[in-house]
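The following paragraphs lead through one chain.

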Amino acid sequence: MFVQNFRTTLIAAMICGVSSVTVASVTAGTYEGAAQGKLSTVKVEVTLDNAGKITDVKADVSGETPGLGTEAAKQMIPAIIKSQSINVDGVSGATFSSNAIKAAAKAAIEKSGADVSKYDVKVVKQKGPDETVSYDVVVVGAGASGTAAAVAAAEKGVSVVVLEKAPTVGGAGKLASGLFAVESSLQKEKFKNNPELLKELTRDNLFTQLMDYCSIRKVR
């Protein structure tokens with residue numbers, strides 16, 4: 001593949017109502033960057049053409065929280081290409097994955113020799129017209145408690161609206177975490193051939209790990 005080093009004058013698109021003329025040294029091609037997400041290393045490939053324009057972006061978020069990391073990539077990649085900026089809005093509920101996508105994209109662009117600051121312009125999100133609606137009950141948060149409260153209110157015959165910032169509903173209610181099934185007969189049956197693991201899977205050990213993870217255990 002023939003790669004040409006060149007120096008070009010890039011006339012930036014109108015972003016945030018401001019136009020600017022910049023000079024950047026760019027090597028056209030596809031570059032990969034990586035950054036730590038919530039659960040994994042997020043990898044992003046950015047393709048630049050001879051004018052320094054972002055023509056394609058691919059993100060590997062397969063190791064992130066299912067449904068959140070993928071949603072962040074789904075929304076952010078088209079926005080980055082359209083705005084020619086990595087400084088786009090992240091996805092609520094997937095903050096770590098969103099920040100990792102932007103950081104990995106920045107690292108990829110740096111490898112091209114381009115001036116990364118020219119791709120880091122804040123994109124102003126256009127707002128739609130204001131709308132006024134009226135409900136008897138407004139539930140903020142569609143987690144386990146919020147959805148239960150909304151259903152209970154609706155069963156009483158009142159009008160209900162539920163507001164949720166995340167791309168999916170259910171919150172932590174969709175996760176079986178914490179001390180779930182610890183020292184139960186099902187757990188003992190599942191790991192009966194691994195006695196060393198069973199010694200570790202105790203209420204005391206897992207409670208300590210959970211408190212350490214949440215950073216709320218008291219210092220003794």
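**From one serine outwards**

Ser98 is found in helix 2; helices here are DSSP runs of H or I with at least four residues, strands are runs of E with at least two, and both are numbered from the N terminus. The model is a predicted one, in which local features need pLDDT of at least 70 and side-chain atom pairs count only at pLDDT 80 or more, while totals for chains, interfaces and linings use all residues. Residues are numbered from 1 along each chain as its sequence is written, and side-chain values use heavy atoms, with hydrogens and water left out.

Ser98 has a relative accessible area of 1%, so it is buried. That term means under 20% relative accessible area, with exposed meaning over 50% and partly exposed in between, for a 1.4 Å probe and protein chains only. Leaving out residues up to four places away in sequence, Ser98 touches Ala72, Met76, Gly90 and Val91, where contact means heavy atoms within 4.5 Å.

Two of these partners, Ala72 and Met76, take part in the packing of helix 1 on helix 2. Two packed helices are described by the angle between their axes and the distance between the axes. Helix 1 (residues 69-83) and helix 2 (residues 95-110) pack at an angle of about 45 degrees, and their axes are 9 Å apart. Helix 1 is therefore oblique to helix 2. Axes are lines fitted to C-alpha atoms, for helices over the stretch in contact, and angles run from 0 to 180 degrees between N-to-C directions. Angles under 35 degrees count as roughly parallel, over 145 as roughly antiparallel, 65 to 115 as roughly perpendicular and the rest as oblique.

By type, the residues of the contact are 4 nonpolar, 3 polar and 1 charged. Here Ala, Val, Leu, Ile, Met, Phe, Trp, Tyr, Cys and Pro count as nonpolar, Asp, Glu, Lys and Arg as charged, and the others, Gly among them, as polar.

Each helix can also be taken separately. Helix 1 has 15 residues and spans 21 Å from its first C-alpha to its last, close to the expected 21 Å. The expected span is 1.5 Å times one less than the number of residues. Its buried residues are Gly69, Ala72, Ala73, Met76, Ile77, Ile80 and Ser83, and they pack against strand 5 (54-60) and helix 2. Helix 2, with 16 residues, reaches 23 Å, close to the 22 Å expected. The buried residues of helix 2 include Ala100, Ala104, Ala105, Ala108 and Ile109. The buried set of helix 2 packs against strand 3 (29-36), strand 4 (41-48), strand 5 and helix 1.

Helix 1 is followed by Gln84, found in the loop between helix 1 and helix 2. Gln84 has a positive phi of about 60 degrees although it is not a glycine. At 15% relative accessible area, Gln84 is buried. Glu183, in the loop between strand 7 (160-163) and helix 4 (185-190), likewise has a positive phi near 60 degrees without being a glycine, but Glu183 is partly exposed, at 33% relative accessibility.

The chain contains 6 helices and 7 strands, in the order β-β-β-β-β-α-α-β-α-β-α-α-α. Of its 220 residues, 30% count as buried. Among contacts between residues at least 6 apart in sequence, 47% join residues at least 24 apart.

Two glycines lie in other loops. Gly141 is in the loop between strand 6 (137-140) and helix 3 and is partly exposed, at 21%. Gly141 and Val162, 21 residues apart in sequence, have C-alpha atoms 6.7 Å apart. Beyond its neighbours within four places, Gly141 is in contact with Gly146, Thr147, Val162, Leu163 and Glu164. Gly157, in the loop between helix 3 (144-155) and strand 7, is exposed, at 65% relative accessibility.
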